Amino acid sequence: MLDNIKHIILVLSGKGGVGKSTVSTQLSLALREGGYKVGLLDIDLCGPSVPYLLQLEGKDVHQSEAGWIPIYLDKEQQLAVMSIGFLLNNRNSSVVWRGPKKTSMVKQFLTDVCWGDLDYLIIDTPPGTSDEHITVMENLKEIKCDGAVIVTTPQQVSIEDVRKEITFCKKTGIAIIGLVENMSGFVCPHCSDCTNIFSKGGGESLAEILKIPLLGTLPIDPKVGQLLGKCCTKEYPDSPLSKEFQSIVNKIVEI
Ligand SMILES: Nc1ncnc2c1ncn2[C@@H]1O[C@H](COP(=O)(O)OP(=O)(O)OP(=O)(O)O)[C@@H](O)[C@H]1O
């Protein structure tokens with residue numbers, strides 16, 4: 001039930017732990033702050049962290065005759081969330097969802113959720129490009145998808161990692177919206193100065209080499225781990241992270 005969704009955006013990464021779910025949730029929250037009606041679909045089978053990041057752990061997903069009813073973050077129902085984590089928690093076992101069962105579950109997530117009218121659906125995907133993920137992503141090309149945002153970090157700003165993602169997108173017919181380099185410097189909690197702990201400019205040169213847009217570079221900010229359901233651009237509008245994040249959101253909205 002993706003018929004009444006204006007824009008569908010995938011969030012991808014070559015590896016886990018680079019901030020893909022953080023970018024997915026913050027993008028969803030920032031779009032909601034911008035007045036859009038948003039859905040966030042978490043199909044990260046390896047570690048669905050969206051329920052935790054939005055403080056929705058333990059919520060029960062209900063099934064109606066029309067399909068699954070997403071969990072709403074707010075009473076205005078501006079942000080709808082569906083995560084494989086809701087089901088894994090309910091069943092208290094990830095083992096039953098291995099292999100083909102997981103794949104068919106993801107297929108159902110793509111077709112059987114009652115999203116209603118949405119301006120944006122953000123899909124937080126599993127990290128990497130393993131066979132299972134390719135199967136999952138191939139199903140996505142059937143839907144009208146705007147493209148993928150690829151999240152990376154300076155440590156792994158290795159051309160090969162992101163190149164694999166790009167090849168993967170091309171293979172599955174998914175356009176690339178651009179690259180987000182996350183954790184690309186440290187913002188001091190006391191003076192808000194940003195120190196480049198790792199190499200600087202990696203994301204920029206990578207985007208140039210691979211001929212994809214660089215959407216922005218997000219610094220490490222200790223406040224990120226405490227956001228849990230709160231939107232960084234609303235909570236800390238003046239922080240370097242929020243300013244950069246807002247600029248990324250603006251670029252995504254413009255496409
Ligand atoms: N810019 C940032 N500054 C500080 N901490 C961050 C930043 N981005 C992400 N983190 C933290 O890094 C950790 C990993 O982030 P996240 O869960 O979003 O990564 P992921 O790529 O989705 O990982 P996985 O694929 O394993 O779920 C989290 O604890 C998150 O709070």
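A: UniProt positions are given here in the numbering used for this chain, with shortened feature names, and such annotations may be inferred rather than shown by experiment. With that in mind, an unreviewed UniProt entry lists Cys188 and Cys191 under "binding site". Residues are counted from 1 along each chain as its sequence is written. Keep in mind that this is a predicted model, where local features need pLDDT of at least 70, side-chain atom pairs count only at pLDDT 80 or more, and totals for chains, interfaces and linings use all residues.

Let's start with that cysteine pair. Cys188 sits in the loop between strand E9 (176-187) and strand E10 (194-195), and Cys191 is in the loop between E9 and E10 too. (Helices, H or I with at least four residues, and strands, E with at least two, are DSSP runs numbered from the N terminus.) Cys188 counts as exposed because it has 11 C-beta neighbours inside 10 Å. Cys191 has 7 other C-beta atoms within 10 Å, so Cys191 is exposed as well. The cut-offs are simple: 20 or more other C-beta atoms within 10 Å of a residue's own make it buried, 12 or fewer make it exposed, and anything in between is partly exposed, with C-beta atoms placed from the backbone. Leaving out residues up to four places away in sequence, Cys188 touches Asp193 and Thr195, where contact calls for C-beta atoms, placed from the backbone, within 7 Å of each other.

Now for the other flagged stretch. Under "binding site", the unreviewed UniProt entry also lists Gly14, Lys15, Gly16, Gly17, Val18, Gly19, Lys20 and Ser21. Lys15 is placed in the loop between strand E1 (5-13) and helix H1 (20-33), and Val18 belongs to the loop between E1 and H1 too. Their surroundings are worth a look: Lys15 is partly exposed because 14 C-beta neighbours lie inside 10 Å, whereas Val18 has 22 of them and therefore counts as buried.

Next, the ligand. There are 19 residues around it, and Gly16, Gly19, Lys20, Ser21 and Thr22 come nearest; to be near, a residue needs its C-beta atom, placed from the backbone, within 6 Å. H1 gives the largest share of this shell, three residues. At least two shell residues come from each of H1, E9 and strand E11 (214-220). Sorted by class, the shell has 10 polar, six nonpolar and three charged residues. In that sorting, Ala, Val, Leu, Ile, Met, Phe, Trp, Tyr, Cys and Pro are nonpolar, Asp, Glu, Lys and Arg are charged, and the others, Gly among them, are polar.

H1 also has a partner elsewhere. Its axis and that of helix H9 (residues 240-254) come within 10 Å and cross at roughly 75°, using lines fitted to C-alpha atoms over the stretch in contact, with angles from 0 to 180 degrees between N-to-C directions. H1 and H9 are therefore roughly perpendicular to each other; that label covers 65 to 115 degrees, while under 35 is roughly parallel, over 145 roughly antiparallel and the rest oblique. On the H1 side the contact uses Gln26, Leu27, Ala30 and Leu31, and on the H9 side Phe245, Gln246 and Val249. By class, that contact has five nonpolar, two polar and no charged residues.

With 12 other C-beta atoms within 10 Å, Ile255 is exposed. Setting aside neighbours within four places in sequence, Ile255 is in contact with Asp146 and Ile177.

One more spot leads back to the ligand shell. Lys211 lies in the loop between helix H7 (202-210) and E11, and E11 is one of the elements supplying shell residues. Most residues other than glycine have a negative phi. Lys211 has a positive phi of about 55°, although it isn't a glycine. Lys211 is exposed, because 8 other C-beta atoms lie within 10 Å.

Zooming out, the protein chain has nine helices and 11 strands. Of its 255 residues, 45% count as buried. Among contacts with a separation of 6 or more, 79% join residues 24 or more positions apart.

Methods:
Contact = placed C-beta atoms within 7 Å.
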